[in-house]
Every structure is written in C-alpha cells, then in structure tokens.
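Let's take a friendly walk through the aromatic side chains of this protein. Please have the model open as you read.

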Amino acid sequence: MGCQFGFEKRWLCLIVLVVFIFIGMPLKAHNFDLADRIVTGTVSDASGTSVIGASIVVAGNKSIGTISDENGFYSIKVPDDYSRLEFSYVGYTTQVLDIPPGNVLNVILVEDNNVLKEFVVVGYGVEQKKLLTGSVGVVTGEELKKLPVATVDVALQGQTSGIQVIQNSGTPGAEMSVRIRGTSSIGASSQPLYVIDGIPVTTGDFAQVGYEGQGINALSDLNPSDIESISILKDAAAATIYGARASNGVVLITTKRGKEQRTSFSLNTSYGMQETWKRLEMLNARDWKLYRNDLAGTPVFSPEQIADNSVDVNWQDQIFRKAPMKTLDLSATGGTEKTRFFLSGNVFDQDGILGGTDFNKLSGRINIDHKATSRLSLGTSIGLTHSKTDRVEGDQSLHGPLPNGISTPAIFAVYNTDGSYNQSGPYANAVSIINEAINQNFSNRAIANAFADYKILDGLTFSTKWGIDFLNFREHAYESTKTVQGARYNGLGFETYSNVSNLVSNNTLKYGTDIGSSSLEILAGYSFEKRQTTSSFIRAQDYADQNLQYINSASTIVSASSGASFSGIRSFFGRANYNLKDRYLFTLSARLDGSSRFSEKNRNGFFPAVSAAWRISQESFFNSNTISELKIRGSYGITGNDDVPPFLYASVYGNTSYAGQPAIYPSSIPNPDLRWESTAQSDLGIDLGLMNDRFVFGLDVYYKKTSDLLLSRPIPGSSGFSSVTENIGEIENKGLEFSLNSDNLKGRKLRWNTILNFSMNRNKVLKLFNGQPIDDLGRGSNRIEEGQPIGIFYSYEWLGVDPSTGDVVYADKNIDGKITSDDRTKIGNPHPSFIYGLTNSFSYGMFDLSVFLQGVQGNDIFNGTRLFLESLQGGDSQLAVINERWRKPGDITRIPRATNDPVAAAQNKRVSSRFLEDGSYLRIKNVSLSYTLNKQAWMRDKIQSVRLFVTGQNLLTFTNYSGLDPEVNYRGNDNAVVGTDFFTYPQARSFVFGVNANF
C-alpha cells in the first residue's frame with residue numbers, strides 16, 4: 001500500500017521515509033583504520049574567550065564534523081587521507097588549516113569586518129546592506145526557526161519596524177491583516193504585495209461561504225521552514241520597482257537553495273499543546289435565575305428552583321479544548337560546483353482550541369541550480385502544497401459555536417436524558433454544531449518557476465524567469481437534521497470551487513562596471529502577468545438520507561452560479577545605482593505599468609523614485625574609534641495600487657428574466673476616467689553603527705500621501721443607480737521607525753544579543769466627496785471623516801449610570817435636552833499610538849534562550865461582545881459583572897438596571913463609549929530554550945548535531961482589555977471596520993517540544 005495524501009497516513013509515511021534514509025546512509029563516511037587520527041584543540045577569539053558552538057569539519061569531506069563545547073574544546077576523528085580542517089562561526093572569517101604533526105590544533109578566529117559581504121534581497125536582485133539607499137527590513141530564516149508558526153505573515157509580527165500584523169482571529173490557518181506604514185486605501189486592498197523567489201503570488205481569501213473575519217489565508221500554503229530570508233520594502237525607493245502594486249509595500253520571500261557540499265539532511269520535529277489563555281467570567285445558574293427574576297419584575301424562578309442548581313453548565317468548557325499541534329520537516333541539501341539542490345517535505349497538523357476547527361498541511365519543495373556552461377546558469381523552484389481546514393461559523397450569525405456557547409445560560413444542559421442534543425436554549429446548541437456541522441476547505445497549490453541567466457559579456461547578464469502560481473480551492477459544507485439549521489432545511493449543503501492561476505514572466509538585462517573609484521549598475525526589464533479566476537457555487541437542501549452529504553443527494557438546488565474573470569498587466573522597469581567611493585550612493589528607479597483593470601484611456605501608469613545616501617563614516621575627515629558606520633539617506637517616489645474590483649470603468653450587465661424570457665440589464669454606471677490610486681512617499685533615514693557595529697541603530701521618518709482614492713459617490717435615484725465609483729479621496733500616513741541590533745556581551749562566554757524595533761504611524765483622511773463622512777460602519781460604528789484617522793469610533797459618549805434611576809446617561813452634545821443621533825461624537829481611535837517588538841537572545845555553553853516580547857499601545861477596541869453580554873435583556877447568558885447592576889436608588893455602579901421597559905432597555909444598550917476599551921497590550925509572544933548535545937559516541941559519524949528545544953507561545957498577555965483577546969477584528973481584513981471584537985475566536989497559548997537533527 002503506497003503513501004496517500006490522506007492525513008491519517010502521512011505521519012507514518014514520513015517516519016518510514018526517514019527510517020529508510022537513515023538506514024540507507026553508510027554508518028561512516030569513511031572506514032577508519034588504525035592510521036586515522038584524532039585531532040583535538042580549542043577555539044577562541046582574539047581576546048582569548050572560548051568560542052562555543054564553532055563548526056569544525058574535515059576540509060574536503062564536510063560530512064565529518066563536530067562543534068566546540070562550552071570551553072571551546074573540540075575533538076574530531078580525521079581519516080588518514082585528509083590533512084586539513086575547516087573552522088567557521090557566525091561573524092568570523094572561515095579558516096582552513098593544516099593539521100600539525102602532534103594532532104593538536106588550537107585556533108583563534110578572526111572577526112569578519114567586511115560587513116559589505118552581507119547582502120539584502122531587493123526587487124529583481126540583491127544589494128550590499130550598507131550600500132542601500134532605501135528603507136528595507138530583513139527577517140532571517142534563523143529568526144523564523146524560533147517561532148512555531150504555520151504561516152509567514154504571523155512570523156513577521158514584531159520582527160521589524162514599520163510593519164503591523166494583526167491576527168484577526170485565532171482560527172487555524174486564518175488570514176492576517178498586514179499593514180506596512182499604515183493603511184493607504186479605503187476601497188482597494190491595503191495588503192502588501194508578496195513575491196516568492198521573484199514571482200508575485202496570489203494572496204487573499206477565496207472562500208465563498210462566509211465565516212466573518214475567519215477568512216482563508218492563501219499565504220498559509222508556504223512552509224516557513226523553507227524560507228532563507230524575508231525582505232520588507234517599505235519606502236518608495238525600495239518598492240517603486242514593483243510600480244502599480246507597491247503602495248502598500250512589498251514583501252520579498254527567498255527560499256533556501258542548495259550548497260556546494262556533500263549531501264546533508266536536516267530533520268525537525270515538534271509536538272505541542274494549545275489552550276485558551278483567558279476565559280470570560282459568566283453568570284452561573286443561580287445568578288442567572290436571580291437576574292431573570294430581576295429583569296421580569298416578577299418571580300420567574302421560585303426560591304426552590306433557584307436553590308436547585310443540578311444543571312449548571314460552563315459552556316466555555318464545552319466549546320474550548322486543549323488542542324495538539326505537531327510538525328515534521330525533513331530537508332536535504334547539497335551539490336557540486338555545477339549542480340546544487342535543496343529538497344524538503346513538511347507535515348503540519350494543528351487542532352484549534354475551539355471545537356470543530358483544525359488546519360492540516362502537507363507540502364514539498366525542490367530548488368535546483370545548474371551551471372550549464374561558464375556563461376549559462378539554469379534553475380528551477382517548485383513548491384507544492386495540499387491543505388485541509390475545518391472551520392465553524394463565527395459572529396454575524398446565530399449558528400456559531402463561540403457566540404452560541406457563550407450566550408447560552410448555564411441552566412441549559414448540553415444533552416437531553418435520551419442522549420440527543422438539548423435545543424431548548426435561546427440559540428442552537430453549540431456542541432451540536434461542533435460535532436455535526438461539516439465546514440471543510442481543501443487547497444491544492446503549486447508555485448513554480450524556471451529561470452536562466454546568461455552572461456553576454458563581462459558585466460552584462462541577461463536573465464529570464466517564467467513562473468506559475470496555481471490555486472485550486474474547494475469548500476464542502478453540510479449540516480444534517482441534528483443541528484437546528486440543518487433541521488430547518490431538512491439538510492443543508494454547499495459546494496464551491498475556485499481556481500486561480502497567475503502566469504508570470506520576468507526578463508531583465510543587467511550591466512555593472514567599475515569606473516575608477518566609482519561603480520555603476522544598470523537594470524532594465526520587461527514583465528507581464530496573465531491572471532485567470534474561475535469559480536462555481538451551489539447551495540442545496542432537502543436530503544433524503546442524512547448520511548449522504550454531497551450535492552447529488554439533495555432534492556432541491558436552491559441556488560447555483562459560476563463565473564470567470566481575466567486580467568493582465570505588462571510592465572517596463574529599470575533601476576540605476578551609482579556608487580562613488582562607497583561614500584556617495586545614488587539610485588534612480590522607475591516602472592511603467594499597463595493594467596487591464598482600467599480603461600484604455602488610463603491604462604498606463606508611470607511610477608518613478610529617486611534616493612541617495614551619504615556614508616559620512618567613510619570620509620577622510622571622519623575619524624572615530626567609536627562610530628563604525630554613519631549613513632544618512634533620503635528618498636522620494638510614487639507607487640500605485642491596482643488591487644481594485646475589475647470592470648469598474650466599463651458597462652457591466654446583470655441577467656434576469658422578463659416576460660418569461662431571458663434578459664439583461666445595466667448593473668452599474670461606467671466610468672472610463674478612473675485612474676490608479678497613487679501614493680507619493682518621502683523618507684529620511686539614519687543608520688548608525690557603534691564599536692565596530694556591535695550596536696547598530698536605524699531611524700526613519702516618512703510621509704505618505706495617497707491620492708485618487710476609488711470611492712463611491714452618491715447620485716440621484718432618478719438615474720436608476722445609487723452611486724458611481726470615482727477618484728475622489730486622499731489619505732496621508734506619516735510616522736517614525738526605530739530599530740536596534742546589539743551584541744551586548746561580545747567576547748564573553750555568556751552571549752547576549754538584542755533586537756528592538758519601534759514604530760509609530762499617524763493616519764488621516766484628507767479628502768472625501770464634498771467632505772461628506774462615510775458613517776455607521778460595522779458593529780462598533782466606525783466612521784471615515786476628513787481630518788480624522790480611517791475608522792474612528794463615532795457614537796454616543798457614555799457618562800455613567802444615574803444613581804437615582806439606574807439608567808445610562810449620555811452626553812447631550814448639542815444641549816437640546818434630548819439624546820438623538822446629532823449627539824454622536826468621536827469616542828475612540830482603533831489605530832495604536834505605537835507598536836513594538838523586543839527580542840533578547842542568550843547563549844551559554846550548549847544552552848540557548850530567546851525571549852520575544854511584542855506589544856501595541858494606545859488603540860481602542862469596541863467590545864461588541866459586552867454589548868450583548870451586558871445588555872440585561874432577553875434570554876442570553878450575561879457576564880458575571882452584571883451582579884454589580886443598579887438595584888435601588890442611590891446605588892453607585894457602572895452597570896445599569898435590569899428592566900423590561902423596552903424604551904429604557906434600548907437606551908441603556910446604545911452603541912456608545914460604554915463598550916469602548918483600551919486595547920493596549922504587551923505579550924510574551926515567544927520563549928524558546930534549547931540545548932545542543934555534544935557529539936556523542938552513539939552519534940558516530942552519522943549525526944552531526946542534535947538540538948532539543950522547548951518553546952512557549954503567547955505565554956502571558958498584559959492588558960486591561962476585558963475580552964478574550966485584545967488582538968482581534970471581527971471583520972477580518974477590512975480597511976474601515978477595524979478594532980471591533982464580537983465573539984471573535986481568540987489566539988491560543990501553546991507549549992511545544994521538539995528536536996532538530998542534522999546528519
């Protein structure tokens with residue numbers, strides 16, 4: 001029986017594969033005889049401090065190696081036919097030394113001060129880090145290894161300045177909101193462009209069955225273990241090379257590639273448990289009965305019934321659970337001078353802490369590089385993924401386990417005496433939804449490219465890369481009559497399909513030359529993309545047999561639809577870098593894009609940028625023993641945003657029937673004058689290195705102005721339409737970013753490194769149509785208004801509870817003696833004052849400890865959950881805090897009275913600042929402790945290293961927010977409806993144990 005893609009067998013299959021690989025390896029890379037030598041020695045730095053964990057391998061046979069221990073000591077068995085050892089350590093120059101006659105070789109490592117060798121991936125190439133003129137954030141693969149996450153965007157959180165990552169929901173595999181230097185649009189996307197190995201990829205949520213803020217994340221198909229580095233292009237100088245899609249920033253992801261070495265294997269496996277880190281304190285059965293009597297004004301429950309609490313269900317215990325997560329990752333890398341390869345496979349399983357949710361992924365990757373001739377190099381990158389996600393409905397419905405479970409009073413049992421589900425509560429039984437509702441998503445993804453580089457002349461290279469990103473996404477949902485919703489329709493089923501393909505071709509010509517003490521590099525390129533999306537949707541009901549869950553078993557097809565869309569973009573781009581004496585740096589870049597999303601009249605957009613930097617520390621007049629690097633840089637450029645709905649410029653028709661005949665009708669007003677949303681951005685930055693770059697600081701200030709926002713303008717109803725889309729808005733973002741990288745105890749046995757980043761952004765709407773605000777958005781009453789940030793909370797100002805009446809008092813802003821909509825005002829801001837991340841890494845001997853803190857300060861959250869759970873109305877369960885409610889004149893409290901007066905009850909429950917809370921938090925996001933085993937006898941020469949680790953995620957959260965999680969948004973990736981919590985799936989706290997082995 002072969003290994004199938006079924007998730008039940010994949011773990012066994014991979015374990016068997018690992019065993020066969022392990023057994024198939026020779027016990028030794030070389031058969032030692034009595035003439036073989038044992039070489040010993042110590043490894044230290046120039047100060048005499050022992051270097052712990054230095055790599056020592058046999059030169060010419062890197063499969064034989066070891067590492068230095070906590071005293072810098074090493075011992076290695078060397079075959080007689082080899083005579084040299086290679087010593088290496090991060091931050092030091094690699095040395096290859098002859099073995100002396102006495103077989104004792106002590107080594108002093110020399111620091112690698114040529115930091116210009118550190119390269120950063122940028123658009124269509126790489127640049128030396130210290131020669132950058134733009135603002136680029138970098139996250140390395142080593143940093144990603146410390147974070148046990150399933151998706152790339154989660155790993156970006158708090159890792160570099162200028163980027164805010166909001167995990168809208170704790171749903172496994174759910175999409176994130178990523179904002180680079182603020183929100184730059186209202187109607188178009190504000191997500192960055194993601195480029196994997198040079199190919200722009202499809203992102204977003206393609207689910208057609210809505211799950212309110214729990215959208216599927218197309219980025220979840222990428223295995224974080226395959227990533228070598230991530231570059232975040234933040235300013236226009238860095239991002240303009242991507243033109244029409246760079247207004248929201250660009251994230252460049254580079255995957256691992258092969259090396260010229262003997263084949264080595266890496267096995268990483270981990271297992272962990274997740275749990276809720278917080279629960280809501282709800283009324284127990286007795287208190288709820290007392291509250292209901294108070295609400296009704298007459299006894300609903302007798303004293304005997306109040307005393308009888310034989311049924312007192314904690315519904316949070318019923319819907320939440322301890323959930324396992326596990327991963328297994330196996331990779332191989334190696335190659336010769338001509339051909340190098342990287343091959344990996346990964347299995348990831350995560351059960352959600354809310355019953356009925358999980359995420360399972362199986363992925364594989366192969367990257368190959370081949371030097372065909374001295375001038376021609378070829379290569380390919382292929383990534384394949386199959387994933388399955390189980391979801392449950394969330395808020396905005398009466399059929400979600402989380403809102404239903406929390407809102408069901410404790411007096412209702414989960415099961416009836418006959419074992420059936422008890423559906424007598426105010427909402428559908430949450431446990432029945434978890435156990436009986438099927439909501440599955442299946443994703444099959446292929447991201448692949450092939451490339452060729454041809455060296456035409458010295459310094460002149462032509463490169464071509466062709467890639468495809470194909471996503472097949474299927475949803476399968478079914479509810480039998482065992483659930484309330486399924487019983488209503490005699491069985492309810494959905495089946496949807498979405499296929500998205502994006503064909504990409506990048507072609508560049510690069511020329512570089514040295515001219516005396518200066519250098520010039522010129523890049524010119526042409527690219528095109530062809531995108532196709534097809535989809536289908538079917539809803540059916542009336543199933544004769546409840547055990548048959550597919551559409552062909554339904555008697556009634558309620559609705560069915562299908563559609564397709566095609567779009568394309570073609571581009572010409574270029575960049576010129578001029579470097580004079582490594583002191584004066586200049587960059588010019590530009591891109592001309594033509595997009596089918598706009599009419600021929602405005603199809604093309606031109607996006608230029610210019611940047612410069614002055615490395616003062618390289619000047620002859622600059623002489624400092626403390627300052628090793630001082631660079632001032634500035635940039636200005638224009639980028640665009642074409643991520644808008646298609647055909648806004650064209651006449652679009654819908655279909656209907658008329659007089660029994662098929663017919664069409666105009667569904668929108670065309671506007672061929674629509675233009676790109678464009679963002680002009682200026683940036684000023686300083687890079688400072690102290691004590692031979694032992695301490696490296698970065699500071700950026702920026703200003704972004706986005707013009708020609710695509711917004712709907714109201715028009716007279718006599719036209720037959722309510723609105724038309726036009727370029728009528730402007731937004732600005734301005735902010736400051738600070739970063740610090742330090743080696744605090746350099747040259748000591750205890751090593752301590754710190755990474756700190758701090759970002760603050762101020763967002764403001766500058767212009768709307770005729771200054772008219774866009775009002776009353778979402779459950780928290782968000783508003784878009786000139787002069788204010790996007791999505792401010794705009795509603796009634798709550799002043800407290802009147803001690804004489806027990807009713808809520810609101811501010812009468814217009815002083816007319818009554819509370820009306822004219823009294824609404826700005827009550828809060830969902831955007832933080834600043835965000836930050838702090839990572840401290842410690843190493844001593846074979847131990848490594850990493851502590852990552854992440855925080856947000858100054859934002860407001862509208863707690864829509866409290867709006868219902870402190871409503872003091874109806875049959876819902878309530879938060880335990882309502883025990884403090886007003887009961888008699890003179891009571892001083894913040895909780896109003898329980899009343900059955902509909903007018904007073906509605907007044908007390910208004911959307912207001914009563915439910916607005918401080919959303920600031922500091923989270924111990926990740927703590928990882930590891931121990932690397934010394935090379936043991938049982939390892940022989942087969943295993944090079946073994947690392948044991950334990951990691952805690954979301955260990956502690958310090959916040960004044962009363963909800964389940966301060967990092968939420970019930971509307972998911974929405975630009976305007978932000979900062980609102982409404983029974984939103986919280987993040988989990990997890991503890992993970994694992995092993996990394998290299999052999």
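Predicted model: local features only at pLDDT ≥ 70, side-chain atom pairs only at ≥ 80, totals over all residues.

How are the rings of Phe494 and Phe537 placed relative to one another? A pair of aromatic rings is described by the distance of the centres and the angle of the planes. Here the centres of Phe494 and Phe537 are 6.0 Å apart and the planes stand at 55 degrees, so the pair is tilted. Now look at where the two residues sit along the chain. Phe494 belongs to strand β24 (residues 492-515) and Phe537 to strand β25 (residues 518-543), so their pairing ties together parts that are 43 residues apart in sequence.

Phe834 and Tyr836 give you another tilted aromatic pair, with 6.0 Å from centre to centre and 40 degrees between the planes. Phe834 counts as partly exposed, at 27% relative accessibility.

Aromatic pairs in this model come to a count of 26. Rings also gather in a cluster: Trp466, Tyr526, Phe528 and Phe572 form one together.

Which ring does Arg910 lie over? Arg910 is found over the face of Tyr810, at 5.8 Å from the ring centre.

Terms used
Residues numbered from 1 in each chain as written. Heavy atoms only, no water. Phe/Tyr/Trp six-rings, centres within 6.5 Å; stacked < 30°, edge-to-face > 60°. Helix = DSSP H or I, 4+ residues; strand = E, 2+ residues; numbered from the N terminus. Buried < 20%, exposed > 50% of the residue type's maximum accessible area, 1.4 Å probe, protein only. Lys NZ or Arg CZ within 6 Å of the ring centre and 35° of its normal.
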